[in-house]
Amino acid sequence: NPTVAVIVVAAGSGTRLGLGQPKAFVSLGGRSILSRSLDALFALDDEAQVIVVVPEDRLDEALSTAQDVAGAAAPYVTVVAGGESRQQSVNAGLAVLLPSVQTVLVHDAARALTPVAQFEAVIDAVRQSGYGAIPGLPVSDTIKRTDGFGLAVATVDRSELAAVQTPQGFPRAQLEQAYAAASDDFTDDAALVAEAGFAVAVIHGDALAFKITTAWDLRRAEQVIESAFV
Ligand code: CTP
Ligand code: MG
């Protein structure tokens with residue numbers, strides 16, 4: 001039985017992409033973003049429970065997509081309906097974890113080209129440390145703090161910053177405790193786990209794990225696929 005689960009959140013509406021359909025079901029080089037995002041999950045060293053969280057009216061479609069990507073029987077695939085916020089969608093995924101699962105990764109379907117190695121690195125880091133691990137990249141732009149009038153008031157020390165990605169991995173008990181205690185809406189799982197008092201390490205991310213948010217990002221993902229870089 002799997003000791004690792006990956007919750008793939010794909011229940012967002014894709015407002016900023018602006019194509020009038022949920023982002024995970026938009027085509028990326030002939031297959032959906034969701035389908036692409038599942039490739040890595042069925043290529044992991046250890047078989048993981050794969051929990052796909054989608055809009056309520058896409059449950060059947062998501063299950064057949066996951067079965068297609070898995071190739072053969074996919075005994076550890078579960079599809080559930082998401083919620084209004086990303087946090088609620090993750091919570092829906094947490095509710096269906098198998099009893100054998102000890103390490104939980106939360107991943108944005110919108111990061112469709114994330115390499116398998118990034119999943120493996122997060123799993124290894126969580127298992128070795130007993131704490132959360134999240135991939136991040138150094139920030140290359142100069143970052144300014146601005147005031148309410150659009151004036152630049154300070155340059156933020158870039159060496160202290162990381163642009164973080166997914167999958168974000170945690171020991172199951174820590175993630176469950178953090179979600180049970182969470183009050184506000186947090187922008188990522190690591191913030192919520194840190195709020196609950198647990199350590200979270202930042203490990204090296206990968207440029208290919210960028211999030212498809214805007215039309216420009218979708219174009220970039222299409223070009224990466226065409227270039228056979230992945
Ligand atoms: N997500 C989700 N449930 C929500 C909101 C977001 O499962 N209620 C998922 C998205 O499907 C996506 C990931 O969380 O894979 C990151 O969210 P984001 O990039 O913001 O996607 P959307 O919310 O769909 O996009 P937008 O904010 O532009 O509407
Ligand atoms: Mg969103």
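These legends walk through a few views of a predicted model.

Residues are numbered from 1 along each chain as its sequence is written, with chains lettered from A and ligands numbered from 1 in written order. Because the model is predicted, local features need pLDDT of at least 70 and side-chain atom pairs count only at pLDDT 80 or more, while totals for chains, interfaces and linings use all residues.

View 1. Helices (H or I, at least four residues) and strands (E, at least two) are DSSP runs, numbered from the N terminus. The C-alpha trace spans about 55 × 40 × 30 Å along its principal axes. Of the 230 residues, 37% count as buried (20 or more other C-beta atoms within 10 Å of its own; exposed means 12 or fewer, partly exposed in between, with C-beta atoms placed from the backbone).

**View 2. Helix α5, residues 172-181, and its buried residues.** Gln174, Leu175 and Ala178 are the ones tucked in as buried. They share one side of α5, because they cover an arc of only 95° around the axis (taken from the directions from the helix axis to the C-beta atoms).

**View 3. What covers the buried residues of α5.** The cover includes strands β6 (103-108), β7 (132-138) and β11 (168-171), plus helix α6 (189-195).

**View 4. The surroundings of ligand 1.** Here 22 residues surround the ligand (C-beta atom, placed from the backbone, within 6 Å of it). Val9, Ala11, Gly12, Thr15 and Arg16 are the closest.

Note on methods
Two residues are in contact if their C-beta atoms, placed from the backbone, lie within 7 Å.
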